[in-house]
Amino acid sequence: MSRRALSTALATTALAAAVVSIPTAHAAERPDFQLPVPCGESWTATTYSGHSPAYSVDLNHYPGDDTGRPVVASAAGTVTASGASGGWAGTHVRIDHGGGWTTHYAHLSSAAVPAGTTVQAGQMIGRVGNTGKSQGAHLHFEQTLNGAGQPAVFDGATYSYTTRNITSNNCASPTNPASPAPVSTVGDLTGDGKPDVLARSGTGSGSLYVYPGDGNGKFGTRIDNGAWASIEQVSGVGDVTGDGRADVLGVEKSTGKLFVYPGQTNGRLGTRIDNGAGWNAMRIAGTEDLDGDGRGDLLALEASSGNLFRYPGLANGHFGNRVQIGSNWDTMSVISGAGDLTGDGRNDVVAVEEASGKLFVYPGLDNGGLGARIEAGTNWDSMSSLGGAGDYTGDGKDDIVARQNDGKLFVYPGIGGGKLGARIDNGAGWNFDY
């Protein structure tokens, strides 16, 4: 069911108590199912009489468009189906949890795990979409026993024929992702003249790390910047504090406030600067400088409209009035600022088109707008984050850093003209960070 259909469903649904006791066969054998979204996120779950298959749950993360948000395994198991279903479910994932129990995740924009993969509770398996017979981006979810739909159980509570807000307690897995940007590029935070990378731990306090760039497409020993579990989105950005150093952006989960964290020269961050609330309805990405004034700018995709805005950076840790630089950007699953990939002396923007999986480079213009896009590759829907903030390979050309869904990190050398060279493998294990 879509958002637009929600009011119709509510009119025909008997909304009873949030938690009801409905017996299910062999309940003692049921896995410890959790909400299939990242730990701490609050979603609206809707079930209604006549939903097919029976007891299916539609999940939405209000406000705004859910497209591209991570979907995680409700419990540990083995993936039995993944990808295009060829039917109403669109792109989907099905997981066998043993004992006759399965879960089904439908209408996805992309699947992150192939059939045969063993997954843990909280592990990312795909992203929310609007594929198949869907009328708006949402996650269609089912719990099935021996092929028959069962009232969904999340964290021990059974939900049936009701609409309620639920907060995810799916927090056990170290591979649990938080936001659509597991790894973010940033400028030089260590003072050595080489650009660095940000990543956040997926366990415990959600520590934020700076990985110093070595200048050869590789990264050095990480620097711990403390607990960041309260921050929902993280991105590197150019200098918006006027001190000549790159800074970091973060959106706080509980308040929706955007903060600028001033970069130091030792891989650490200074006292944050409050940029106000309302940013949890936006997907943010920092850039080095799009309008040529020497200060970092902020890209923000407005979920409700699909419009892309540029917020010009000032010199006091704040941003000026926004300027719309694009529309229909909700068709992009990953968006990031980049360095100069075209060789014209201006910084660019990179994005992955959700429908095709193609990577595009959008050349920056002198007025802070974007030019006609350049196709830079295919099969980029396998990447959960990407960006570029300078020359990571030491060849004088700006590059892209990308994290693959399986946890591998790659540096793609820029070769000019918006094209990329053979990638440099930085190993696996980056799915333990976001």
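Strands and a buried leucine in a predicted model

Mentor: In this predicted model, strand β1 and strand β13 (residues 163-167) run antiparallel and are joined by 5 bridges.

Trainee: What makes β1 and strand β13 a pair?

Mentor: Two strands pair if at least two bridges are found between them. β1 and β13 have 5 bridges, so the pair meets that cut-off. Within β13, arginine 164 is the bridge partner of alanine 45.

Trainee: Which residue stands opposite alanine 45 in β2?

Mentor: Leucine 59 in β2 stands opposite alanine 45. β1 pairs with strand β2 (residues 57-60) in the antiparallel sense, over 3 bridges.

Trainee: Why is leucine 35 called buried?

Mentor: Buried means under 20% relative accessible area. Leucine 35 has a relative accessible area of 2%, so it is buried. Leucine 35 lies in the loop between α1 (3-12) and β1.

Trainee: Which residues does leucine 35 touch, not counting residues up to four places away in sequence?

Mentor: Leucine 35 touches Trp43, Leu59, Val72, Phe154, Ile166, Thr167, Ser168 and Asn170 on that count. Contact means heavy atoms within 4.5 Å. As for valine 71, its C-alpha atom is separated from that of leucine 35 by 9.5 Å, and the two residues are 36 residues apart along the chain.

Trainee: Turning to the open sheets, what is the strand order of the one that contains β23?

Mentor: The order is β22-β23-β24-β25, an open sheet of 4 strands with antiparallel pairing.

Trainee: Why do β22 and β25 stand at the edges?

Mentor: β22 (282-287) and β25 (323-326) each have a single partner strand, so one side of each has no neighbour in the sheet. On average, neighbouring strands here are turned by 30° against each other, direction ignored.

Trainee: How many bridges link strand β23 and strand β24?

Mentor: Strand β23 (residues 297-302) and strand β24 (residues 308-311) pair in the antiparallel sense over 4 bridges. Alanine 300 is opposite phenylalanine 309 in β24.

How values were computed. Residues numbered from 1 in each chain as written. Predicted model: local features only at pLDDT ≥ 70, side-chain atom pairs only at ≥ 80, totals over all residues. Heavy atoms only, no water. Helix = DSSP H or I, 4+ residues; strand = E, 2+ residues; numbered from the N terminus. Axes fitted to C-alpha atoms, helices over the stretch in contact; angles between N-to-C directions. Buried < 20%, exposed > 50% of the residue type's maximum accessible area, 1.4 Å probe, protein only.
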